[in-house]
Amino acid sequence: METTMSTSYEDSLRYAEFLQKALFPKQRHFDRIFKDAFVLFKPKHFVSGDFFWLTERNGLTYIAVGDCAGHGVPGAILSVLMHSLLDYAILNKKLKKTHTIIKEVNNRFIESFSSNDTLTPFDNEWVDITLCCIEPSSKTIFYTSCRREILQVSGVEYYLHKGNKHPIGDWQYNANSSFRSACFNYKEGDIIYLGTDGFQDQLGGERSKKYQKRRLHNHILKISNLPLELQKEELEKELHQWMDGHFQTDDICIVGIKL
């Protein structure tokens, strides 16, 4: 009986994995908009709290990469909510500026969990996210980032664009939360990388330590001259070698885009 229940649960997770991936942008959507792009997406266990999102509106391209609290089923459900809130803010309310979009998403996210009941141990849902608005006419990227960063590689130079200190929806920060927009220019052929903390936090190596952000950025810079599909393959190889038998500790998502 226990084996049957376990098999049924795994079947449900596999179907949920299929459904979640159906919501995400496909490679053909990236290929239609960008010169080159890759998505490295590795759920810890079938479904993921990490997500990526993409749309176009009025000559602008919006792309987001986020990391919802937890992983597995709870994180995946939050990722579906975030997809719907981004659609609502940009496509329905027709908001344009990234900080106003994130503010609206934050308000709706908190409202979704608001009730008159007493607080429960689950009342701490949050999302780290980077939202970019790419304006090709001026070669400018406007962005609002919550506890994440954007790595820009331009030839032999690179830049790290940092974001706000507060996540979306974390109740304890809500009273002091503020979301600001920033921007930077890009040249044709520049590459930007958006991601979550799953890769850099993966345990491995000889001492079972975290991979670390600096090592990840250095590795990306080393392979940044390759076509993006090959960059994805190199990142997958690096991850496999680093893990060396360790279990995956978190969902992983990195998106690379050539502008």
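The model is predicted, so local features are given only at pLDDT of at least 70 and side-chain atom pairs only at 80 or more, while totals for chains, interfaces and linings use all residues. Residues are numbered from 1 along each chain as its sequence is written, and side-chain values use heavy atoms, leaving out hydrogens and water.

Let's start with α6, residues 228-243. Helices here are DSSP runs of H or I with at least four residues, strands are runs of E with at least two, and both are numbered from the N terminus.

Which residues of α6 are buried? They are Leu228, Gln231, Leu235, Glu238, Leu239, Trp242 and Met243, where buried means under 20% relative accessible area, exposed over 50% and partly exposed in between (1.4 Å probe, protein chains only). These residues cover an arc of only 125° around the axis, which puts them on the same side of α6; the arc is that of the directions from the helix axis to the C-beta atoms. On the other side, His240 and Gln241 are exposed.

Pro227 sits in the loop between α5 and α6 and is partly exposed at 44% relative accessibility. Just after α6, Asp244 takes a positive phi of about 40°.

Ser208, in the loop between β10 and β11, also has a positive phi, about 55°, although it is not a glycine.

Technical notes: The expected span of a helix is 1.5 Å times one less than its number of residues.
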